[in-house]
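Hi,

Here is the structure I promised to pass on. My notes on what turned up in it follow below.

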Amino acid sequence: MAEVLGIGPVIAALHAIESGDASEEHFTTVGDDWDIEERTRAQLDRLGLEDVPLDRRLHTLSGGQVISLGLAAQLLKRPDVLLLDEPTNNLDLEARHKLYGVLEDWNGCLLLVSHDRALLDRMDRIAELGRGELRFHGGNFTAYEEAVRAAQEVAEKNVRNAEQEVKREKREMQQARERADRRASTAARNLKNAGLARIVAGGLKRSAQESAGRSNETHAARVSEARARLDEAGRALRDEQKISLELPGTNVPAGRTLFLGERMQVRYGERALFAGDGVDLTIRGPERIALLGPNGAGKSTLLRLINGDLEPEGGQVKRAAGRVAYLSQRLDLLDLDRTVAENLAVSAPGLPEAQRMNLLARFLFRGARVHLPVGVLSGGERLRATLACVLFAEPAPQLMLLDEPTNNLDLVSVGQLESALGAYQGAFVVVSHDERFLTDIRVHRWLRLSEGRLLETSPPDVD
Ligand SMILES: Nc1ncnc2c1ncn2[C@@H]1O[C@H](COP(=O)(O)OP(=O)(O)OP(=O)(O)O)[C@@H](O)[C@H]1O
Ligand SMILES: [Mg+2]
C-alpha cells in the first residue's frame, strides 16, 4: 500500500535515519515530509481505512478499500487540480459520505466524472460530453436535469411544429399543382374555343406551363426548407441509447436447494473474517437476495464461496448442479486480449454468429466496436461486455451472483438492467450499495453482512 501511496521511498529513508544512518541521500529523499506517516495515517483514517495497515498488499483489499486508497494517494500529493473518475463506485454509504466530506474541504480545483447523483449534486457546474461537444451548465445536477428536461420539452415542441409545417407545405404544394392543372386544362379549352392562331395559343400555353413550373419549384423549395428545419429540430432532441435486455428463461423449482453453507469460515492470515463458528446461508428456489454491508465486510468473499472459487476453511458447503453466473466486482472474467465478439463466442459457443451479433448490438456494441479487444474498452463498456457474456453464457444460469453490477453503468442502462432482472425467473444474489436499484429489481430477501455476522434484515426505506 505504501507504494501505491507513493510514500515507500520516504518511509524507507525515515526508517534508515531512525536506525542511525545519517547519509545525505536519505535526508534529500525525506525533504519536508518528516510527518509523512502521520499524515498518511490521518488521511487513510478520514477515508475510512483506519483498520488497514500500511504494509497490506493491494490485491487483498476489498473493492471499496481500493477506491478509498486511490483517493488518499492523490490527496497526499497535495495537487492543485484533482481529477476523479467514478470515485464513489464500490463505496458503501458511510465511505461515500466520508468522501463527500473530504471533497467538501478540498480547496483546489476538482473535475470529476460520476454517475452518483448525490455527489453530482455537490458540484458547482456540470459539463456534458456528447456528440463530440462539451457543454457547460451552471449549478448542480438537479439544476442540470431541470435544464435538460426544459430543453427537451422545447425540442419536442419544435419537432411537432416542424412536422406540422412540413405537412402544410406539402399540402400547399399539392393544392398549387392541382390548381395549375385545372388552370391549364381550362386555358386549353378556352384557347380552343377562342380559335386563336396556333402560334399565339402555343405561346400562351408555354407561359402558363412556365409559371406553373416556377410555382412548383417555389413550393418544393419550401417543403425542403421545412424538412431541413425538422431535421434540425430532431437533432436537438436527445435520443439516449439504452441496453435492451431480455434474459434467457430459467425455471428453478421452489423447493430446490441451490446452495447450502453451514458454519462457513474464511481466514485471511491471522484474521477470521466471520465471527464465531462462521456464517450459515441457504439459497432455496428462485430467491431474489440482496446482500448489504459496509466495505470490507466480506460480501465479495461470500459470493466467491457460493460460486466455488473459494472453499471455506471451516464448516461445509453443498452446491447444486447447474450453472451459476458470476459477475465479479473486478470485472476480470473476460480475456482482455480477445475482442468483445470472441469473448462472447467463448461464453456462448452454441449461439449462431448472427444471434451473437444481435445480442451484442443490444448491449450497444455495433459495427467495428465488436472487434475491439476488451482491454481497450471504457469501464462502462467493459461492464456491458461482461454482462453480455455472463448473462447469456450457456446453459442459462439458475443462480446469478452479481457484485456491484451498476458501477459504471449510466442511469438509463441501470434502468434496463433493472427491467431485465425484474423479468428473470431464476435465483440471484446481488451486492449493491444502490438501494433504489435493489428495490426496483424486486428483491425479496435482504441479508446484511456486518462485523462478521450474516443476518436477515428488512428492506431499507427508499423514498
Ligand atoms: N487475500 C486476502 N488477504 C487478506 N485480506 C483479504 C484478502 N481478500 C480480502 N481480504 C480482506 O477481507 C475483507 C473482506 O473483503 P471482501 O472483498 O469480501 O469485502 P466486501 O464486503 O466485498 O467489500 P467492498 O464493499 O469494499 O467490496 C476486507 O477487509 C479485505 O481487505
Ligand atoms: Mg466487494
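In the protein chain, 74% of the contacts with a separation of 6 or more are between residues 24 or more positions apart; two residues are in contact if their C-beta atoms, placed from the backbone, lie within 7 Å. Please note that this is a predicted model, where local features need pLDDT of at least 70, side-chain atom pairs count only at pLDDT 80 or more, and totals for chains, interfaces and linings use all residues. Residues are numbered from 1 along each chain as its sequence is written, while chains are lettered from A and ligands numbered from 1 in the order in which they are written.

The protein chain holds 14 helices and 15 strands (DSSP runs numbered from the N terminus: H or I of at least four residues, E of at least two).

One helix pair is worth a look. H3 (residues 36-46) packs with H4 (residues 63-76) at an angle of about 135°, their axes 10 Å apart (axes are lines fitted to C-alpha atoms over the stretch in contact, and angles run from 0 to 180 degrees between N-to-C directions). That makes H3 oblique to H4 (under 35 degrees is roughly parallel, over 145 roughly antiparallel, 65 to 115 roughly perpendicular, the rest oblique). Arg39, Thr40, Gln43 and Leu44 in H3 meet Ala72, Leu75 and Leu76 in H4.

Best wishes
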